[in-house]
Amino acid sequence: MNQDAKETADYGPLLDAWMKSLGDFWGAISKMSPADTYGMPEEEHAKKEDVHQSSAAQTMRLWSTYLSLLKEPPVMQAMLQGSAVIPALMMRLAQSGWEGYFDMQRQWTQKMAQTGQRTEAYQFENLDENMFRTMREMYEKEVSPFLKVPQLGLTRFYQERANHAVDKFHKFQAAVTEFCRVLYLPMEKTTKVMQQNIEEMTKAGNLPENPQEYYRMWIKVLEGHYMTLFKSPEYAEALRTTLDKLEDFLIERQKVLEDMLQTLPVPTHREMDGLYREIHTLKKEVKGLKKKRT
Amino acid sequence: MDRPKIPIDAILKHLTEDAEKVQERAQKASSVLLGELDTSIATTPYDVVYEEDRVKLKHYRSSTPVEDGVNTPLLVVYALINRETMLDLQPGRSVVDSFLKSGVDLYMVDWGYPTRRERFLTIDDHVNGYMDNIVDFVLKRTNRRNLNLMGICMGGSFSVMYSALHPEKVKNLITTVCPTNFNTEQGLLHVWMKNINPDRMIDAFGNMPGDLMNFGFLLLNPARLMIDKYVGFVENIDKKDFVENFIRMEKWIFDSPDVPGETFRQFVIDCYQKNLLIESRMELGGKLVDLKKVTMPLLNIYGQYDHLVPPEAANLLTSRVGSNDTEDVCLDTGHIGIYVSSKTQKEFVPKIVKWLKARDGNGDGDGPSEGEKNIANKKGSGIKSTPKKRKKVKNGDTI
């Protein structure tokens, strides 16, 4: 005997008791006179009473059949498996969420401990993107699919567009965060260079006395780092991705706005653009004709 | 063992002095910032003499008549990015004012602020539409057959296109910080523009937002443009003149109209990504923009330290046009410095005026001037030269 059968047997008495209490309750209810229920004279409902009671008895029989079917081991097994999906799903979500969080926390701690040590001046190749990749993958695998679930019914297109806009917004946010992090890198690397410079100047005994000298040194190094960063393919990629994601979001948001504007007496961008295009073509033709005449 | 020498006492002394200065500066700054400040820009009087859609034509009023001026009117075409007010930023540093004082009859295109209804306007609409209508208007108004045309940055590119398509209407062409060769990795803008997808951008935005472009320009040098610039402001916040001029520049920089979507799309694809203009392969309204048809005298001015239009993006033009009378001038400054720095103010306008006077003709545009005759005699005398470190002059003239 397998494990499933054992689980089914364990749940049997519990289900029996539940079915019996349900049967007793609805049986008693069905035998109640409608006159008792609604406070109406009994004779006026004599005929209807039979109809009610026979209908209720039929429902009860159906219900009993359904409940007895539920008791069958294969049905019970399928039902239990189905109900087990939700906790498993929740566990999976929580697990991956916590894993991502711990990984992020570990990386942050590591990053803080290594500030000024790990970074190489004027080098922007092979950037450590684990944290952002983890977050992005977590979103792509665990959240994004829910927003892409096919929608049903009359409002399916509206719901689908709204979900897409939310999805694109999150992806844009992720891209912006990563872009900001890339923009922050020169600051980190400049701190490292400044630490080295000050250390060397301290050893050589020629530390500047004027604090403004430190600022001038810092801004010059920072400018150099930014210039190096901006020429790197990593920056170009981050910039391109951020712009792409922003454009994706704006296009999807526009669709949702157009859906919302449908109910209001306000023209949408799409409608106005169509009009503008026609006006532009007409104006051009008129101007051309006018020029030819003169 | 040698102990590292750290002048803690000296550093602390400086910090204390600085703190005292900051306190004193803050008190003065308060009176400066709360007092009356003159931060107005574009104050030289003008009349709007022509209007079409959002586009206006300004004609500047000359306060004093100049005997030895330039007869042929000068039409200045600014870029679609930022505003033409940069040429008239502040008293004493106004290109407009300098032209007027030199006796130039000055017209300037104000492209206005495009709204979404302008998103379908192409480069053809700007060059063969608005620009051509404006040129016709000025020619009719001044009873001339041609005029002097000066283009700035993107407006320079438009002016080159216009001159190639309507050479008979342009007497002399001046291009300043004008990008024509986009096949360069010198400027970051050229690198980034090759990586963007203008089709998606315009589908998403309609017009190219001015604020987004400005953000991109700030990112070209964030250390200087987003940090050091404002540190400098705080350091000089107690000086009224400095604050006024700083605010004027801020007003100009962040006054950024959107760029019509289709124009932006075409400029990025045809110029930045395909480099069609310099190769005479660009088409406007079904007509080929052949640079060999740019046969009028050409003065090409650019900045040695221009980070938006680096020398490599500007200096190829003179070798590709059909004109025999060309001159490259490389000034020791950047993209904006050409027009606003006090040093170049002394060089920029005088050079242009001198060059124009030498090619001004008899005043009605019918025949060549003495200067033109002289230049025609010099043809083939090797007036084109390679750029020098500070100044590049092709006809032996120095500025």
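Strand 12 of chain B (residues 326–331) is largely enclosed by the rest of the structure, because six of its six residues are buried. A residue counts as buried if 20 or more other C-beta atoms lie within 10 Å of its own, as exposed if 12 or fewer do, and as partly exposed in between, with C-beta atoms placed from the backbone. Helices (H or I, at least four residues) and strands (E, at least two) are DSSP runs, numbered from the N terminus. The model is a predicted one, in which local features need pLDDT of at least 70 and side-chain atom pairs count only at pLDDT 80 or more, while totals for chains, interfaces and linings use all residues. Residues are numbered from 1 along each chain as its sequence is written, and chains are lettered from A and ligands numbered from 1 in the order in which they are written.

Within strand 12 of chain B, Thr326(B), Asp328(B) and Cys330(B) point one way, and Glu327(B), Val329(B) and Leu331(B) point the other way; all are buried. The strand belongs to an open sheet of eight strands in chain B, with the order 1-2-6-3-7-8-11-12 and mixed pairing. Strand 1 (46–52) and strand 12 of chain B are its edge strands, each pairing on one side only. Two strands pair if DSSP finds at least two bridges between them. On average, neighbouring strands of this sheet are turned by 20 degrees against each other, direction ignored.

Strand 11 (residues 298–303) of chain B pairs with strand 12 of chain B in the parallel sense over six bridges, and Leu298(B) stands opposite Thr326(B). Strand 3 and strand 7 of chain B are likewise parallel, over four bridges, with Val76(B) opposite Met150(B) in strand 7. Helix 14 (residues 342–357) of chain B lies across strands 3, 6, 7, 8, 11 and 12 of chain B, running at about 175 degrees to strand 12. Axes are lines fitted to C-alpha atoms, for helices over the stretch in contact, and angles run from 0 to 180 degrees between N-to-C directions.

Two asparagines of chain B have positive phi values. Asn82(B), with phi near 60 degrees, is found in the loop between strand 3 (70–77) and strand 4 (88–90) of chain B. Asn143(B), with phi of about 55 degrees, lies in the loop between helix 3 (123–142) and strand 7 (147–152) of chain B. Asn82(B) is buried, with 22 other C-beta atoms within 10 Å, whereas Asn143(B) is exposed, with 8.

Chain A has nine helices and zero strands. Of its 294 residues, 12% count as buried. Helix 6 of chain A (residues 156–204) has 49 residues and should span 72 Å at 1.5 Å a residue, which agrees with the 72 Å between its end C-alpha atoms. The expected span is 1.5 Å times one less than the number of residues. Helix 6 of chain A bends by about 30 degrees at Tyr184(A), and Pro186(A) follows within four residues. The bend is the angle between axes fitted to the seven residues ending at a residue and the seven starting there.

The contact between the chains takes 25 residues from chain A and 31 residues from chain B; two residues are in contact if their C-beta atoms, placed from the backbone, lie within 7 Å. On the side of chain A that touches chain B, helix 8 (233–261) of chain A gives the most, with eight residues.
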